[in-house]
Amino acid sequence: MSVDVSALASALRSGDRVALGRAITLVESLREEDRAKAIALVQATASAGADTHRIGISGPPGVGKSTFIDAVGMTLVAAGHRVAVLAVDPSSARTGGSILGDKTRMARLSREPAAFIRPSPAQGVLGGVAARSSEVLRLCEVAGFDIVLVETVGVGQSEIDVADLVDTLVVLVAAGGGDELQGIKRGLLECTDVLVVPKADGENVAAAARTRADYAQAIAYIEPRHAGWHVPVLECSSTEGRGLAEVLAAIEAHRVALIDSGGWERQRAAQRLRWTMTALQEAVRRGLQADAGVQARLGELRAGIESGAVAPEAAAAELLAVFRGGA
Ligand SMILES: Nc1nc2c(ncn2[C@@H]2O[C@H](COP(=O)(O)OP(=O)(O)OP(=O)(O)O)[C@@H](O)[C@H]2O)c(=O)[nH]1
Ligand SMILES: [Mg+2]
């Protein structure tokens with residue numbers, strides 16, 4: 001791919017969707033030679049995101065995330081927002097294409113000119129999907145999308161990772177028979193800003209109301225992520241539209257509460273620092289892999305490491321010394 005970074009950056013700033021697609025492809029590229037251009041591009045667009053709202057939508061497979069995003073996305077577009085939807089697959093090892101952010105589950109939103117939907121990349125991405133997500137998110141903001149919805153499959157740790165990416169984390173929990181609360185991780189509740197029981201319709205209405213009451217009770221014992229914010233526990237039906245206005249109001253109330261308390265800027269500042277450390281670790285890891293001296297010495301040490309004659313820690317220390325010497 002031959003890319004003129006400054007032309008791409010200005011096309012991006014003018015809101016060009018084709019440019020946005022190309023920019024995302026560039027930052028997700030597996031090719032080492034694209035990385036320098038990707039870095040120049042994200043630096044050229046570094047001041048993005050002052051007036052945007054990054055909202056994570058997390059929950060177990062099939063809980064109703066994409067359908068929810070389609071419904072609330074349409075409401076947000078109708079209110080004049082430009083909405084980008086990203087899918088982040090934290091496992092990133094999963095093969096067989098993206099099941100997240102499936103456009104067929106966002107049938108209405110995917111036809112909206114004011115919306116942009118980016119499914120999760122089908123294969124691996126240099127440095128992992130999660131590591132690239134903050135870059136992709138900022139590219140969307142530079143292109144004029146003021147609300148970014150990040151869909152992610154919740155599998156324990158992953159909500160905590162996505163909490164690092166967004167301003168507001170909405171967690172969807174399935175209505176169940178009553179014993180599901182035991183399985184819920186305290187860590188998950190601790191990073192949730194708005195808790196929602198979806199599919200509160202049809203035969204599911206009573207179960208959803210029960211589950212909502214159970215979570216409302218459980219959440220009272222949890223220290224909220226932001227002092228002064230009480231995590232609302234709501235129910236909704238994305239297919240019938242019931243309760244969606246309340247969920248959107250809660251998301252907006254969270255934004256306002258954070259801005260008023262100063263937590264908004266503090267959180268974004270902390271996130272930028274963590275993204276920097278992630279990028280640094282990734283750059284070092286790639287540097288180690290590409291370092292001829294390190295790889296040569298590893299080749300020499302390998303048999304000894306495998307047989308146990310050389311302690312892994314000693315080998316690592318020596319390889320690091322080679323890396324430092326060669327840098
Ligand atoms: N009755 C009802 N069904 C729903 C609702 N929302 C989603 N569904 C159904 O639940 C199934 C899964 O919905 P998705 O929106 O794809 O769920 P998801 O969480 O995005 O799924 P993954 O991305 O695969 O993890 C689909 O069959 C939807 O039609 C709802 O509000 N009510
Ligand atoms: Mg989905």
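**Close-up 1. Lysine 199 sits in the loop between strand 6 (194-197) and helix 9.** Helices here are DSSP runs of H or I with at least four residues, strands are E runs of at least two, and both are numbered from the N terminus. This is a predicted model, so local features need pLDDT of at least 70 and side-chain atom pairs count only at pLDDT 80 or more, while totals for chains, interfaces and linings use all residues. Residues are numbered from 1 along each chain as its sequence is written, and chains are lettered from A and ligands numbered from 1 in the order in which they are written. Is lysine 199 buried or exposed? Lysine 199 counts as buried because 23 other C-beta atoms lie within 10 Å; the cut-offs are 20 or more for buried, 12 or fewer for exposed, and partly exposed in between, with C-beta atoms placed from the backbone. Its phi is positive, about 60°, even though lysine 199 is not a glycine. Most residues other than glycine have a negative phi.

**Close-up 2. Arginine 210 belongs to helix 9 (residues 205-219).** Arginine 210 counts as partly exposed because it has 15 C-beta neighbours inside 10 Å. Glycine 176 is 34 residues away along the chain, yet the two C-alpha atoms are separated by 8.4 Å.

**Close-up 3. Ligand 1 is surrounded by 19 residues.** A residue makes this list if its C-beta atom, placed from the backbone, lies within 6 Å of the molecule. Which residues are the closest? They are Gly64, Lys65, Ser66, Thr67 and Ser238. Helix 4 (residues 65-78) supplies the largest share of the shell, 3 residues. By class, the shell has 6 nonpolar, 9 polar and 4 charged residues. Here Ala, Val, Leu, Ile, Met, Phe, Trp, Tyr, Cys and Pro count as nonpolar, Asp, Glu, Lys and Arg as charged, and the others, Gly among them, as polar.

**Close-up 4. Alanine 107 lies in the loop between strand 2 (83-88) and strand 3 (115-118).** With 12 C-beta neighbours inside 10 Å, alanine 107 counts as exposed. Serine 66 is 41 residues apart from alanine 107 in sequence, and 9.8 Å apart in space, C-alpha to C-alpha.

**Close-up 5. Helix 4 packs against helix 10 (residues 244-261).** The angle is about 70° and the axes are 11 Å apart; axes are lines fitted to C-alpha atoms over the stretch in contact, and angles run from 0 to 180 degrees between N-to-C directions. The two helices are therefore roughly perpendicular, a label for angles of 65 to 115 degrees, with under 35 roughly parallel, over 145 roughly antiparallel and the rest oblique. On the helix 4 side, the contact (C-beta atoms, placed from the backbone, within 7 Å) is made by Ala71, Val72 and Thr75, and on the helix 10 side by Leu244, Val247 and Leu248. These residues divide into 5 nonpolar, 1 polar and no charged.

**Close-up 6. Helix 10 also packs against helix 11 (residues 263-290).** Their axes are 5 Å apart, at an angle of about 90°, which makes helix 10 roughly perpendicular to helix 11. Which residues of helix 10 meet helix 11? Leu258, Ile259 and Ser261 do, and their partners in helix 11 are Gly263, Trp264 and Gln267. The contact divides into 3 nonpolar, 3 polar and no charged residues.

Key
Contact = placed C-beta atoms within 7 Å.
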